[in-house]
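Work through the exercises below with the structure open. Each task is followed by a worked solution.

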Amino acid sequence: MAHKQIYYSDKYDDEEFEYRHVMLPKDIAKLVPKTHLLSESEWRNLGVQQSQGWVHYMIHEPGEPGGDRGRGGGEPGHRHGLTPTSLRFFPPTPEPHILLFRRPLPKKPEK
């Protein structure tokens with residue numbers, strides 16, 4: 001598999017979660033099931049490498065008709081998990097396949 005061609009975004013966060021998106025090359029993207037979000041063992045078997053705790057929570061497919069549509073449990077105001085700043089780092093390729101991951105931020109100790 002083309003593990004070297006997997007693109008990992010910088011991490012970004014809101015008050016609750018840390019996020020990152022992963023862009024897969026076409027040969028790996030073909031293996032992503034369209035019926036469900038990936039379990040950790042499934043995305044690891046595709047060659048995605050990240051530390052523990054990341055959960056695949058949405059698929060973003062900008063090439064779909066109808067504009068930005070994702071599948072999954074996005075929060076209001078964080079509909080697809082991508083910001084204009086994060087999108088500019090993608091190399092220009094037709095219909096990139098983007099997996100969105102998140103993990104809870106560590107709880108801040110109460111004072």
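**Exercise 1. A charge over a ring**

Over the ring of which residue does the charged end of Arg20 sit, and how many Å from its centre?

Solution. This is a predicted model. Start at the charged end of Arg20. It sits over the ring of Trp54. The distance to the ring centre is 5.7 Å. The cut-off for such a contact is 6 Å from CZ of Arg to the ring centre. Now look for a second case. Arg102 lies over the face of Phe17, 4.3 Å from the ring centre.

**Exercise 2. Confidence**

Solution. Begin with the average. The protein chain has a mean pLDDT of 76, and 64% of the residues score at least 70. Helix 2 (residues 40-45) has the highest confidence, at 96. Strand 5 (residues 70-72) has the lowest, with a mean of 44.

**Exercise 3. The overall build**

List the elements in order, then describe burial and contacts.

Solution. Count first: the protein chain has three helices and six strands. From the N terminus the order is β-β-β-α-α-β-β-α-β. Turn to burial. Of the 111 residues in the protein chain, 39% are buried. The chain exposes about 7200 Å², with carbon and sulfur atoms supplying 54% of that area. Finish with the contacts. Among those with a separation of 6 or more, 61% are between residues 24 or more positions apart.

**Exercise 4. Strand 3 and its partners**

Which strands pair with strand 3, and in which sense?

Solution. Take the partners one by one.

- Strand 1 (residues 7-8) pairs with strand 3 in the antiparallel sense, over two bridges. Here Tyr8 stands opposite Val22.
- Strand 2 (residues 12-13) also pairs with strand 3 in the antiparallel sense, again over two bridges. Asp13 stands opposite Glu18. A hairpin of three residues joins strand 2 to strand 3.
- Strand 6 pairs with strand 3 over eight bridges, antiparallel. Tyr19 has Arg102 as its bridge partner in strand 6.

Now follow strand 6 onward. Five bridges join it to strand 4, and the two run antiparallel. Ile59 has Leu99 as its bridge partner in strand 6.

**Exercise 5. Two faces of a strand**

Are the faces of strand 3 covered or open?

Solution. Recall the pattern to sort by. In a regular strand, side chains alternate between the two faces of the sheet. Sort the residues accordingly. One side holds Phe17, Tyr19, His21 and Met23. The other holds Glu18, Arg20, Val22 and Leu24. All of these are buried, and both faces are covered. The count for strand 3 (residues 17-24) is eight buried residues of eight. Strand 4 is mostly covered too, with five of its six residues buried.

**Exercise 6. The aromatic cluster**

Classify the ring pairs that Tyr19 makes with Tyr12 and Tyr57.

Solution. The structure holds four aromatic pairs. In the pair of Tyr12 and Tyr19, the ring centres are 5.9 Å apart and the planes meet at 20°, so the pair is stacked. Both Tyr12 and Tyr19 are buried. Next, take Tyr19 with Tyr57. Their centres lie 5.8 Å apart and their planes are at 55°, so this pair is tilted. The pair links distant parts of the chain: Tyr19 is in strand 3 and Tyr57 is in strand 4 (residues 55-60), 38 residues apart. Tyr57 is buried, as is Tyr19. Last step: join the pairs. Tyr12, Phe17, Tyr19 and Tyr57 are linked by ring pairs into a cluster.

Definitions and conventions
Residues numbered from 1 in each chain as written. Predicted model: local features only at pLDDT ≥ 70, side-chain atom pairs only at ≥ 80, totals over all residues. Heavy atoms only, no water. pLDDT = per-residue confidence, 0-100. Helix = DSSP H or I, 4+ residues; strand = E, 2+ residues; numbered from the N terminus. Buried < 20%, exposed > 50% of the residue type's maximum accessible area, 1.4 Å probe, protein only. Pairing = 2+ DSSP bridges. Contact = heavy atoms within 4.5 Å. Areas by Shrake-Rupley, 256 points an atom, 1.4 Å probe, with all protein chains shown as cover. Phe/Tyr/Trp six-rings, centres within 6.5 Å; stacked < 30°, edge-to-face > 60°. Lys NZ or Arg CZ within 6 Å of the ring centre and 35° of its normal.
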